[in-house]
Protein chains: 2
Amino acid sequence: MPTEPLSRRRIVAAAIGLIEREGADAISMRRIAADLGVGVMSLYNHVPSKDVLLDGVAEAVLSKIEFTDDPDAHWTDRVRLQARAFRQIAHHYPRSLMVVVSRQLHSAAGLLPVERALATLRSAGFGGADAVRILRMFIAYIVGSLLREVGVTPTFAPVHTRMIKADSVDAALFPEVSSLAPLLDECDHEAEFEFGLELLIQAIVAHSARSR
Amino acid sequence: MPTEPLSRRRIVAAAIGLIEREGADAISMRRIAADLGVGVMSLYNHVPSKDVLLDGVAEAVLSKIEFTDDPDAHWTDRVRLQARAFRQIAHHYPRSLMVVVSRQLHSAAGLLPVERALATLRSAGFGGADAVRILRMFIAYIVGSLLREVGVTPTFAPVHTRMIKADSVDAALFPEVSSLAPLLDECDHEAEFEFGLELLIQAIVAHSARSR
DNA sequence: GAGCTTGCACGTACGGCGTACGTCCGTCAA
DNA sequence: TTGACGGACGTACGCCGTACGTGCAAGCTC
């Protein structure tokens, strides 16, 4: 049974699997090697360091975004689709999201979504500077939303099934928070994401109408 | 020279200082203890674990937000001020931002900004559900923006003073990225932040006008 | 074939990490 | 005087990333 030879791709895949199964904190070169049934130092024949390996993880996850672009559709619909494609990866690789977000990559995998988005915005008639600004704004919103969704950012839903019995101090110091507790507790992530996305798109439409 | 006694507050302050001076990766119980001129294990008399200590860091940073609210101002101006107050901490504690963002806290320090924002939105006439949705959207945008500003998120400014000599492959595969490279390279963070903030506020105004 | 280079898997070892546990000492109440 | 107690500290364990050296198999040149 000649095991398939070690390779950068196999190592990155194992790392992603490990992160998704046991969380980003559980990842270590030793665990990855054990998962692959090899010695620790063998990994270093294919990957120069753990840091670069994590770059590979981020790149691999990013490259799995599935864009289904229709050049004939209205640009607002194309933006919607691209934003949702981005959001997909937070569902397929939730525990890896923090890894993706916490390192900037200079690779083609990171550039493709940018290229697509810029092309869409340019084709909608936006100037270069506007396209870049708008893209940055969308990315900020999407990244922030996904972080909340994955549960890593301060949800500011303070308690997560514990608010019900908020102590009296809470109600006195934070009247709004305490009276809106039920709403803060629950969050339909998809609906929230779509709400903000729609608002953003409408804002862009209004902005472009205003400035021409 | 009787050194001031060890305390949770002193430990947290030392941790913040260390993070800002040497980066979030450099933080370790041993380094903190060394900075304080103290044995490592002494820290554990005041802090149960490194994790909880980092919670303390996040809480301390968050509690340093300076809100200057004017109840008589228009709600759009109050939202602007609150968003900018939030952004301040990214400037005062840039390297700590990732720590703040990467752990959700259930403390009063985390709740205060929420309380303020909800009160502002409610006083502007928004219903509870709308106020929560709008707040979540703003937080997503602000968190995403600050992450980019601090340089931790994929800026999608691909190269950072290296794009100029983009190889020819790049121009062929990514025409938009390569032609807009100068714009992607530079980023006036304050202007970008304000641009998105204004767009968001206008979107909310339009949304509320539409739904009544 | 013989000899040699090359590539890759692997073991050992080092310095650093978080922290469980035990010790020691200064302070204060009885 | 004595006893309890809180807090500072040292030691030790099991992790971590990785520098470095060893050994083995495949492919090259004569």
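Among contacts in chain A between residues at least 6 apart in sequence, what share joins residues at least 24 apart? The share is 69%, where contact means heavy atoms within 4.5 Å. This is a predicted model, in which local features need pLDDT of at least 70, side-chain atom pairs count only at pLDDT 80 or more, and totals for chains, interfaces and linings use all residues. Residues are numbered from 1 along each chain as its sequence is written, chains are lettered from A and ligands numbered from 1 in the order in which they are written, and side-chain values use heavy atoms, with hydrogens and water left out.

**Overall build**

- Chain A has 11 helices and 0 strands. Helices (H or I, at least four residues) and strands (E, at least two) are DSSP runs, numbered from the N terminus.
- Along the sequence, the pattern of chain A reads α-α-α-α-α-α-α-α-α-α-α.
- Chain A has 212 residues, and 52% of them count as buried. Buried means under 20% relative accessible area, exposed over 50%, and partly exposed in between (1.4 Å probe, protein chains only).

**Confidence**

- The average pLDDT of chain A is 86, and 88% of the residues score at least 70. pLDDT is the predictor's confidence in each residue, from 0 to 100.
- Residues 157–168 of chain A have a pLDDT below 50. Beyond near neighbours in sequence, this stretch has 17 contacts in the model.
- Where pLDDT is low, the predicted coordinates should not be read in detail.

**Two copies**

- Two copies of a chain are related by a rotation about an axis and a shift along it.
- Here, a rotation of 180° with 0.0 Å of shift along its axis superposes chain A on chain B, with an RMSD of 0.0 Å.
- The same surface serves both copies: 100% of the contact residues of chain A recur in chain B.

**Rings and charges**

- Over all chains, the structure holds 4 aromatic pairs. Rings of Phe, Tyr and Trp (its six-membered ring) pair if their centres lie within 6.5 Å; planes under 30 degrees apart count as stacked, over 60 as edge-to-face and the rest as tilted.
- A:Trp75 and A:Phe126 have ring centres 5.3 Å apart and planes at 85°, so this pair is edge-to-face.
- A:Trp75 sits in helix H4 (residues 75–92) of chain A, and A:Phe126 in the loop between helix H6 (108–123) and helix H7 (128–150) of chain A, so the pair ties together parts 51 residues apart in sequence.
- Both A:Trp75 and A:Phe126 are buried.
- B:Trp75 and B:Phe126 also form an edge-to-face pair, 5.3 Å centre to centre with 85° between the planes.
- A:Arg133 lies over the face of B:Phe195, 4.9 Å from the ring centre. B:Arg133 lies over the face of A:Phe195, also at 4.9 Å from the ring centre. A charge sits over a ring if NZ of Lys or CZ of Arg is within 6 Å of the ring centre and within 35 degrees of the ring normal.

- A:Ala24 lies in the loop between helix H1 (8–22) and helix H2 (29–36) of chain A. A:Ala24 is partly exposed, at 30% relative accessible area.
- Not counting residues up to four places away in sequence, A:Ala24 touches A:Ile19, A:Arg95 and A:Val99.
- B:Leu36 lies in helix H2 (residues 29–36) of chain B. B:Leu36 counts as buried, at 18% relative accessibility.

Methods
Copies are superposed by least squares on the C-alpha atoms of residues with pLDDT of at least 70 in both.
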